Amino acid sequence: MGGETDALIEAEGLSVVLGDQKVLDVPSFRIAANEVLTVIGPNGSGKTTLLLCLASLLKPAAGRITYKGMPVSGPGVFQMRRRSAVVFQEPLLLNSSVWDNVTLGLRLRKIRGEEAKARGLKWLERFGIAHLAKRQARLLSSGEGKRVSLARAFVIEPEVLFLDEPFNALDSPTRQALLEDFESVLRETRVTTLMVTHDRNEALILADRVAVVINGSISQMGTPQEVFSSPVDEEVAGFVQAGNILHGAVRSQSNGLVSISVERGEIQAVSDLPAGSWVTVYLHYEDVTISMPPAETGASSARNQLRGTIVKVFPLGSQLKVTMDCGFNLVSVITRRSWDELGLEVGREVRATFKASSVHLIPRRS
Amino acid sequence: MDLIIQGIVNAFRLLIHADPEVVEITLLSLGVSLGATAISLIIGISLGTVIGLTRFPGRRFLASLINTGMGAPPVVVGLIVSVFLWRNGPLGLFSLMYTPYAIVIAQCIISLPIITGFTMASIQQIDPRLRLQILALGASRWQLVWLLIRDTRLPLLAAVMAGFGSIISEVGAAMMVGGNIAGETRVLTTAIVLSVGKGQFGVAIALGIILMVLVYLVTLVLTTVQQRSKAR
């Protein structure tokens, strides 16, 4: 048994029916211990339904869920809830103090006294809300409320963490700050996590694996790189709005402009990252334009003007996905009309152009 | 004008000397109405929570009955209780008619729909996702119910105030089932009615002042609790 799998949670033949419509149909699904799995997909695709089933908050019409090989049903449902924590899109706080809310899970588990106090304090501080402990929870700002809701989940020291679009509905700076704190807590605790999101960046930053849910079933599952750079079908591609995902290192930086070496090539980007930083480079296909060399027309103000060779063409409806070798594989999406006008073909030498400001950099640990 | 001044002077004399009869009437009033409120609270909060949280056939009909009951005329309640407690009535063998217990029963019936209705409404207006969140945090069924009731404590305290206020100042039912017997079932409201009938305005005004002060004090205590728990 033990050698067969290290899956923490496994689901088989999971289906949820609403009225006479099947809203979820997942033949098999597994979450490995200590992994961060993000579930992405369009609104109403069944992401949240999947999360609720796995968290034992929704009884599926059919299917079997196991935790460490033990079936989650009957009394197992309550046990499953006791070892997991769920953070919803809304903070959903009780009408009492921040402290009361954060330590609620402990009181429900009859953990009191010094231990409760120590754990409560630890997580209040970890999420930077210790100074709010005595405040009325429902009067907090949405960002603060979200921090309370996260601290309340972590204080339980759950074996599994479920999050349903936890960073939604926050303004951009608040969201960014919270995301950074959350990321470091996640890396530190290594708690097994399933997070529903529709934000590509969140998935890229946090996930070990990504599952794409469309129309109630899982269309693709893999590493973020796999899913975002090679979507299995048009639906997935359409949802992830696929772009180039490249790995590189900052070679030099001056005046907010960095030069990044990627495989045998080089990219200029707007950033303050110091030389030596490891980065993931994200570049929308649509931001890369293709023209014919010679490059010395001087018409473009774009920083990046790379020479390359077309190695692959793939049709995407009225558009074409063109892969070029510019020292690294770079993909652009152009219309069939431009393709024809430029007289392009596989093997043809071209010039790929994109702005330094179009390049999105995500710092990496290594 | 003379009558009013004379009445007020008389009232204060009765109050200052703590007239034994006045004290007895006051204590009985308070005891009966607080007792009835307490019983209604226990039954009303349980009933309101069950109706608010569960789905069963006839639930909507029951809810509409309760909402109607919130406006039931005390006189009609008194009539119904009298019919039941009357010597030949279904509950006649208990000999409760014209005892303080009869008043407690009538007042319970008056305040129960108010407390049940308030509880039902405040439990129902809780975000259903909060229930899911509490369950997700590992709450048992009883822990969930307790947390939801606790979360609605502000409207519930309002229910207590409304319930108590409606029965301490009620006169029809107390008169009918209690009989306004001196030293036994005479409460503030029935005593006021009697005193006015006999032209003893001093006594009536004194009792009136006591009634107002009592309602105010009880409400003050509850309001303080309510506002403090809000600030916490």
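Analyst: Helices (H or I, at least four residues) and strands (E, at least two) are DSSP runs, numbered from the N terminus. On that basis, chain B comes to eleven helices and zero strands. Its pattern along the sequence is α-α-α-α-α-α-α-α-α-α-α. The model is a predicted one, in which local features need pLDDT of at least 70 and side-chain atom pairs count only at pLDDT 80 or more, while totals for chains, interfaces and linings use all residues. Residues are numbered from 1 along each chain as its sequence is written, and chains are lettered from A and ligands numbered from 1 in the order in which they are written.

The interface comes first. Here 17 residues of chain A are in contact with 14 residues of chain B, contact being taken as C-beta atoms, placed from the backbone, within 7 Å. On the chain B side, helix H6 (128-136) and helix H7 (141-151) each supply at least two residues. H6(B) gives the most to this side, six residues. By residue class, the side of chain B that touches chain A holds seven nonpolar, three polar and four charged residues. In this division Ala, Val, Leu, Ile, Met, Phe, Trp, Tyr, Cys and Pro count as nonpolar, Asp, Glu, Lys and Arg as charged, and the others, Gly among them, as polar.

Behind that surface, the C-alpha trace of chain B spans about 70 × 50 × 25 Å along its principal axes. Of its 232 residues, 39% are buried. A buried residue has 20 or more other C-beta atoms within 10 Å of its own, an exposed one 12 or fewer, and a partly exposed one falls in between, with C-beta atoms placed from the backbone. Among contacts in chain B with a separation of 6 or more, 78% are between residues 24 or more positions apart. Ser95(B) has a positive phi near 50° and is not a glycine. With 12 other C-beta atoms within 10 Å, Ser95(B) is exposed.

Of the chain A contacts between residues at least 6 apart in sequence, 65% join residues at least 24 apart. An automatic or database domain assignment gives domain 1 (7-241) and domain 2 (245-364) in chain A. The C-alpha centres of these two domains are 35 Å apart.

Chain A contains an open sheet of six strands with mixed pairing, in the order S6-S7-S8-S3-S9-S10. Strand S6 (84-87) and strand S10 (217-222) of chain A are at its edges with a single partner strand each, so one side of each has no neighbour in the sheet. From one strand to the next the twist averages 15°. Strands count as paired if DSSP finds at least two bridges between them. Strand S7 (residues 160-164) and strand S8 (residues 192-197) of chain A are joined by five bridges in the parallel sense. Leu163(A) has Met195(A) in S8(A) as its bridge partner.

Helix H1 (residues 47-54) of chain A is mostly covered, with eight of its eight residues buried. Among them are Lys47(A), Thr48(A), Thr49(A) and Cys53(A). Just after H1(A), Ser56(A) has a positive phi of about 60°.

Two loop positions in chain A complete the picture. Lys68(A) is in the loop between strand S4 (62-67) and strand S5 (70-71) of chain A. Phi of Lys68(A) is positive, near 50°, in a residue other than glycine. Most residues other than glycine have a negative phi. Lys68(A) counts as partly exposed because it has 13 C-beta neighbours inside 10 Å. Arg348(A) is in the loop between helix H11 (336-342) and strand S19 (349-354) of chain A. Arg348(A) is also partly exposed, with 15 other C-beta atoms within 10 Å. Its C-alpha is 5.7 Å from that of Ile310(A), although Arg348(A) and Ile310(A) are 38 residues apart in sequence.

Conventions
Two residues are in contact if their C-beta atoms, placed from the backbone, lie within 7 Å. Axes are lines fitted to C-alpha atoms, for helices over the stretch in contact, and angles run from 0 to 180 degrees between N-to-C directions.
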